[in-house]
Amino acid sequence: MATLAEPGLDHNDGPKRPNIARAGLQLPAVKDYAQVDREIIATLRPTKAWFTLLMASITCLGIGAASWIYQIYSGLGVAGYSPPVMWGVYIITFVFWIGIGHAGTLISAILYLFRAGFRTTIYRCAEAMTVFAVMTAGLFPIIHIGRPWKFFWLIPYPNWRLLWPNFKSPLVWDVFAISTYLTISVTFLFIGLLPDIATLRDAEKNPIKKQMLSLLSFGWRNSENEWRHFARAYLFLAAFSTPLVLSVHSVVSFDFSMALVPGWHTTIFAPYFVAGAIFSGMGMVYTIIIPIRKFFKLEHYVTLNVMDAGAKLTLFTSMVVGCAYIVEFFIAWYGGVKVEQEYFYNRVFGQWWYAAWIMLTCNMILPLSLFSQKLRRNPTWLFILSLFINIGMWFERFVIIVPGLSHEFEPWQWSGYRPTWVDFGILLGSFGWFFMWFLLFIKQLPVIAIAEVKEIVPPRTRKSAAHVHAGGH
Amino acid sequence: MAQGMLGVFLEIDSACESIAALRKQNVGKITVFTPTPRHEFDHALQPPKSPVRIYTLVGALSGATFGYWVSIWGSNYWPIIVGGKAISTWIPYTIFAFELMVLIGGLSTVAGLFIHSRVPRLTMTVGYDPRFSGSHYGVWVECLPERLKEAETILRQAGAEEVRGEQ
């Protein structure tokens with residue numbers, strides 16, 4: 001699929017110039033298919049650390065659920081909304097999680113089409129992250145409406161409630177875009193998992209588990225005929241997902257840019273949001289993959305070359321996002337619209353200065369460290385940086401949403417916004433919800449794609465077997 | 001009922017060699033099992049192009065058409081009248097066309113994959129071994145009873161680790 005093996009190369013994991021992770025350089029310590037099966041299936045055994053993390057996630061989820069129940073009981077007023085700022089933490093967090101989801105599809109689909117070999121060992125993790133991030137994001141419009149039992153009012157179908165579907169509304173576009181994105185992401189993840197579930201099925205000794213895996217694998221047999229159709233279907237799904245990933249966050253950006261609010265009504269929003277989404281997603285990929293790599297002892301799969309290549313992508317998207325920030329300021333100055341100019345001044349030097357500077361520091365300044373090859377190959381630094389990126393990208397959405405609403409055209413519309421403990425409780429709960437699903441996933445299904453890793457491992461031939469028998473390596 | 005001979009191989013070149021010999025002798029219908037897609041088997045078997053692309057095309061075109069139709073029909077049936085603006089307008093409706101093109105095109109692709117791969121499959125049928133998802137390759141030859149011996153000889157000569165008849 002993605003890459004072809006280059007047997008016979010002198011493999012090593014040292015820095016390369018030019019530093020591009022090629023197929024033949026990817027997995028120098030992985031020798032044969034049996035090793036791949038053994039090591040990746042071994043990650044499925046539950047450990048104490050995993051259980052502790054799962055409990056911590058469920059606790060966070062419990063805090064979020066309790067906060068939500070309190071909000072339902074008391075009304076949306078406890079969430080810190082005060083006119084005119086009626087979009088707050090929930091919409092910020094909705095956009096944040098949608099953005100997180102984008103790196104998954106980028107890594108699994110776009111990098112697949114570009115034949116970027118470094119994706120092979122991280123794409124499964126990123127795809128699962130996408131699905132769970134979109135599932136998390138999907139909760140927020142429901143939380144935001146205040147009366148969640150009426151969530152079906154969001155779905156644009158003809159009805160007798162005098163709510164006519166408005167197909168020109170960006171909110172309706174959003175429903176279609178995100179539903180499609182979730183469906184295609186789940187499909188893409190599941191199709192990629194089929195051969196690996198078959199591997200687990202065949203390796204399983206417990207008859208009940210084997211039966212369950214047999215059902216889940218749909219009777220996949222690894223026949224050449226199945227692989228032929230699989231490869232074609234996977235290619236087309238990747239081809240569909242590529243424009244889809246660009247469209248979804250563009251549509252999310254239209255929720256803002258279609259509105260006549262200072263700072264929102266701008267044509268740069270679609271590419272700006274897409275780049276920001278990929279950047280934030282890369283941040284979350286590192287937040288997840290670096291501990292997995294360490295605790296599951298998968299350093300020889302997620303190699304430093306893989307980290308390095310991903311870091312370059314992070315650096316690139318950081319610079320695109322940084323460029324968008326600068327262009328926004330430039331247009332506000334060059335356009336000569338006083339309201340816009342005041343809005344941007346207020347954003348950076350006025351009441352929202354702290355949010356803007358957190359955003360600029362985390363998203364523009366700190367990622368510049370990735371120009372250093374040494375830091376790109378330092379997992380500890382990448383992990384710390386990824387946390388800053390997550391924080392920075394949450395604040396980016398804060399900076400987009402809140403200052404715009406709190407500083408509209410007329411001074412009587414100027415206001416503040418102070419999130420409450422309910423907002424933060426639900427925000428924490430969203431992380432609990434996301435990590436709970438992710439942690440359950442990584443102990444049920446392989447976090448690295450077994451079949452695709454085998455594809456880049458040189459197959460055993462008579463010549464290589466003779467070499468091994470003769471005492472070679 | 002299918003009857004044939006199964007060869008289990010550890011080396012890919014041995015498996016390819018057996019396929020070439022079986023095809024040359026036209027022993028029977030060959031099915032290859034491999035833990036991961038390998039271009040070596042494509043060269044050995046020379047299979048036709050996958051028809052999945054037709055499902056993708058038909059699904060995508062249907063989805064795009066449905067996307068335009070549902071939004072235009074919905075707008076005309078429940079019109080929201082704003083002075084100076086058309087009730088239906090194709091530019092924003094391209095978003096629905098695109099999203100449904102991707103959705104239905106993607107799901108049709110999966111349907112094509114399932115139909116042509118014959119999955120979901122309730123039984124594993126004959127000629128499968130759990131090692132084929134691990135590190136072994138399998139060559140299953142479905143043939144007439146009188147040619148089973150010939151198939152066995154070819155598989156053994158190619159270097160199969162194990163050869164067994166199944167039905």
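Which strands of chain B does helix H1 (residues 12-25) of chain B lie across, and at about what angle does this helix run to E3(B)? Helix H1 of chain B lies across strand E1 (4-9), E2 and E3 of chain B, and it runs at about 15° to E3(B). Helices (H or I, at least four residues) and strands (E, at least two) are DSSP runs, numbered from the N terminus, while axes are lines fitted to C-alpha atoms, for helices over the stretch in contact, with angles running from 0 to 180 degrees between N-to-C directions.

This is a predicted model, in which local features need pLDDT of at least 70 and side-chain atom pairs count only at pLDDT 80 or more, whereas totals for chains, interfaces and linings use all residues. Residues are numbered from 1 along each chain as its sequence is written, and chains are lettered from A and ligands numbered from 1 in the order in which they are written.

**Confidence**

The model scores ipTM 0.93 and pTM 0.90. The per-residue confidence of the predictor, pLDDT, is given from 0 to 100, and the values for the two chains are set out here.

| Chain | Mean pLDDT | Residues scoring at least 70 |
|---|---|---|
| Chain A | pLDDT 89 | 93% |
| Chain B | pLDDT 92 | 98% |

**Chain B**

Chain B is divided into domain 1 (4-46 + 127-166) and domain 2 (52-117), with bounds that come from an automatic or database domain assignment. The C-alpha centres of domain 1 and domain 2 of chain B lie 45 Å apart.

An open sheet of four strands in chain B has the order E2-E3-E1-E4, with antiparallel pairing, where two strands pair if DSSP finds at least two bridges between them. Strand E2 (29-33) and strand E4 (162-166) of chain B stand at the edges, each with a single partner strand, so one side of each has no neighbour in the sheet. Neighbouring strands of this sheet are turned by 20° against each other on average, direction ignored. E2(B) pairs with strand E3 (residues 137-142) of chain B in the antiparallel sense over five bridges, and Phe33(B) stands opposite Gly138(B) in E3(B).

**The contact between the chains**

In the model, 52 residues of chain A are in contact with 54 residues of chain B. The elements giving two or more residues to the side of chain A that touches chain B are helix H2 (33-42), helix H6 (170-203), helix H8 (224-257), helix H16 (450-456) and helix H17 (462-469) of chain A, and H8(A) gives the most, with 16 residues. The residues of this side divide into 27 nonpolar, 12 polar and 13 charged, where Ala, Val, Leu, Ile, Met, Phe, Trp, Tyr, Cys and Pro count as nonpolar, Asp, Glu, Lys and Arg as charged, and the others, Gly among them, as polar.

**Helix packing in chain A**

Helix H4 (residues 89-113) and helix H9 (residues 269-295) of chain A pack at an angle of about 80°, with their axes 6 Å apart. H4(A) and H9(A) are therefore roughly perpendicular to each other, a term that covers angles of 65 to 115 degrees. The residues of this contact divide into 10 nonpolar, seven polar and no charged.

**Backbone geometry**

Most residues other than glycine have a negative phi, and most peptide bonds are trans. The peptide bond from Pro83(A) to Pro84(A) is cis, with omega near 10°, and Pro84(A) has its place in the loop between helix H3 (48-74) and H4 of chain A. Val119(B) and Pro120(B) are likewise joined by a cis peptide bond, with omega about 0°.

Terms used:
Two residues are in contact if their C-beta atoms, placed from the backbone, lie within 7 Å. Angles under 35 degrees count as roughly parallel, over 145 as roughly antiparallel, 65 to 115 as roughly perpendicular and the rest as oblique.
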